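This report describes a ligand site, a helix beside it, and the aromatic pairs of one model. Please keep the sequence and the structure in view while reading.

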Amino acid sequence: MINKIIKLKKIIKYLSLHNKEDLYFFKIKYLGKKGILNSLFKDFKKIHSKYEKKKIGKILNELKKNILEKINNNKKINKSNNTDINFNTDITLPGKKINYGSIHPISIIEKKILKIFNNIGFNFISGQEIEDDWHNFTALNFEKDHPSRDMQDTFFFKKNNSFLLRTHTSSVQIRYMKKNTPPIRIISSGKVYRNETISAKSNCMFHQIEGLCVDKKISFLDLKKNIEYFIKNLFGNKKIRIRPSYFPFTEPSLEIDVLLGKKKKNHIKMTKGTGWLEIMGCGMVDPNVLKNVNIDPNIYSGYAFGLGIERIAILYYEIDDIRMFLENDLRFLKQFNFLNY
Ligand code: DAH
């Protein structure tokens with residue numbers, strides 16, 4: 001018993017109480033009805049030897065004194081406000097549930113993609129959503145009568161038809177090249193707008209990521225290697241297919257497909273039965289585009305790429321309706337908590 005009391009004295013000596021809560025539990029633990037001190041006094045009563053009683057009684061009283069001193073010395077923290085524990089509260093009640101927010105799947109995918117390109121030297125730059133015809137179309141080598149300039153596709157501002165909501169993030173390339181000289185390695189992301197019928201597959205507003213690299217001796221191989229690196233980092237070892245395509249601002253132009261296969265029903269639906277899903281457009285920057293921003297195409301060359309974030313998110317999370325992204329349905333959004341980030 002003596003050893004136990006000596007040990008307790010030591011513990012009390014070095015114990016520090018930080019707030020009201022500590023003090024409250026200290027009191028209960030040592031002075032409470034079923035507390036340590038009471039139980040020691042009960043044991044003490046059972047001792048018969050007078051000699052033992054005297055010896056243990058002395059040290060037990062010392063312990064009691066130490067406990068009271070500790071409480072006295074810490075009375076101040078009882079008055080201070082450094083904890084918001086309310087002693088009228090029933091602490092046995094279950095705690096309040098904390099609701100964590102979630103991160104939107106588009107933001108998750110956007111950050112993932114930007115990080116991959118950032119790792120290989122692409123710097124993020126932001127663009128603007130209201131553009132003029134020159135930055136969105138003309139400088140990007142769109143012919144005057146190109147169908148995408150059509151009123152059906154583009155949201156023009158009523159008062160002044162030369163302003164519009166950008167239809168793609170490629171306009172960022174033009175703004176950046178006008179103000180900067182090569183070497184250029186940039187990545188940008190943001191909202192784009194198209195006057196399309198809303199359906200499970202398309203919406204009038206969606207998100208794109210745009211990349212541009214311009215320097216001396218940039219070749220097709222650089223483009224291919226970077227795209228392969230990107231897809232490997234995002235999807236792992238999925239098979240890809242590179243197809244010739246057409247964009248006014250790249251020559252040659254390509255489209256990249258990822259093999260989903262035909263095993264799952266929604267993969268068949270998403271790929272229109274081919275098993276291949278188109279995920280991005282890219283190509284070597286057309287010399288006319290470089291000329292439009294006063295970069296000499298005889299000295300410099302470059303590649304560009306653009307991809308729709310919704311498309312990648314659909315693929316990544318197996319979502320089958322693009323409209324879900326904008327509906328703010330908590331049952332949908334809650335699935336993407338910060339742990340998935
Ligand atoms: N701007 C194109 C679109 O909206 C995507 C794109 C394709 C961007 C090829 C590029 C590119 O930079 O090289 O469909």
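How far from a nitrogen atom of the ligand does a polar side-chain atom of S170 lie? The distance is 3.0 Å. The model is predicted, so local features need pLDDT of at least 70 and side-chain atom pairs count only at pLDDT 80 or more, while totals for chains, interfaces and linings use all residues. Residues are numbered from 1 along each chain as its sequence is written, and side-chain values use heavy atoms, with hydrogens and water left out.

## Ligand site

| Residue | Protein atom | Ligand atom | Distance |
|---|---|---|---|
| S170 | polar side-chain atom | nitrogen | 3.0 Å |
| R194 | N or O atom in the side chain | oxygen | 2.8 Å |
| F305 | polar backbone atom | oxygen | 3.3 Å |

Taken alone, the ligand exposes 350 Å², and the protein buries 89% of that area. Accessible areas come from the Shrake-Rupley method with a 1.4 Å probe; for residues, only the protein chains shown count as cover.

There are 15 residues around the ligand, and those that come nearest are H168, S170, R194, Q208 and E210. A residue is near a molecule or strand if one of its heavy atoms lies within 4 Å of it. By class, this shell has five nonpolar, eight polar and two charged residues. Here Ala, Val, Leu, Ile, Met, Phe, Trp, Tyr, Cys and Pro count as nonpolar, Asp, Glu, Lys and Arg as charged, and the others, Gly among them, as polar. At least two shell residues come from each of strand 5 (205-216), strand 8 (276-285) and strand 9 (300-308). Helices (H or I, at least four residues) and strands (E, at least two) are DSSP runs, numbered from the N terminus.

## Q173 and helix 8

E210, one of the residues that come nearest to the ligand, also has a polar contact of 2.6 Å between its side chain and that of Q173. Q173 is placed in helix 8 (residues 171-179). Because its relative accessibility is 2%, Q173 counts as buried; buried means under 20% relative accessible area, exposed over 50%, and partly exposed in between (1.4 Å probe, protein chains only). Not counting residues up to four places away in sequence, Q173 touches L140, E210, G211, L212 and A304, where contact means heavy atoms within 4.5 Å.

The buried residues of helix 8 are S171, V172, Q173, I174 and M177. They pack against several elements, including strand 4 (184-193), strand 5, helix 11 (287-292) and strand 9.

K191 is found in strand 4 and is partly exposed, with a relative accessible area of 31%. Leaving aside neighbours within four places in sequence, K191 is in contact with E129, R166, M205, F206 and H207. The C-alpha atoms of K191 and I209 are separated by 9.1 Å, and the two residues are 18 apart along the chain.

## Aromatic pairs

A pair of aromatic rings is described by the distance of the centres and the angle of the planes. Rings of Phe, Tyr and Trp (its six-membered ring) pair if their centres lie within 6.5 Å; planes under 30 degrees apart count as stacked, over 60 as edge-to-face and the rest as tilted. By this rule there are 15 aromatic pairs. The rings of F26 and Y30 have centres 4.7 Å apart and planes at 40 degrees, so this pair is tilted. F26 and Y30 are separated by about one helical turn, because they are four residues apart in helix 2 (residues 20-31). F26 is buried at a relative accessible area of 4%, and Y30 is buried at 3%.

F117 and F230 form a stacked pair, with 4.9 Å from centre to centre and 25 degrees between the planes. This pair links distant parts of the chain, as F117 lies in helix 6 (residues 105-119) and F230 in helix 9 (residues 220-235), 113 residues apart. Both F117 and F230 are buried. Ring pairs join F117, F122, F230, Y303 and F305 into a cluster. F305 also has a polar backbone atom 3.3 Å from an oxygen atom of the ligand.

Conventions
A polar contact is a pair of N or O atoms within 3.5 Å; within protein, one must be able to donate a hydrogen and the other to accept it, and residues adjacent in sequence count only if both atoms are side-chain atoms.
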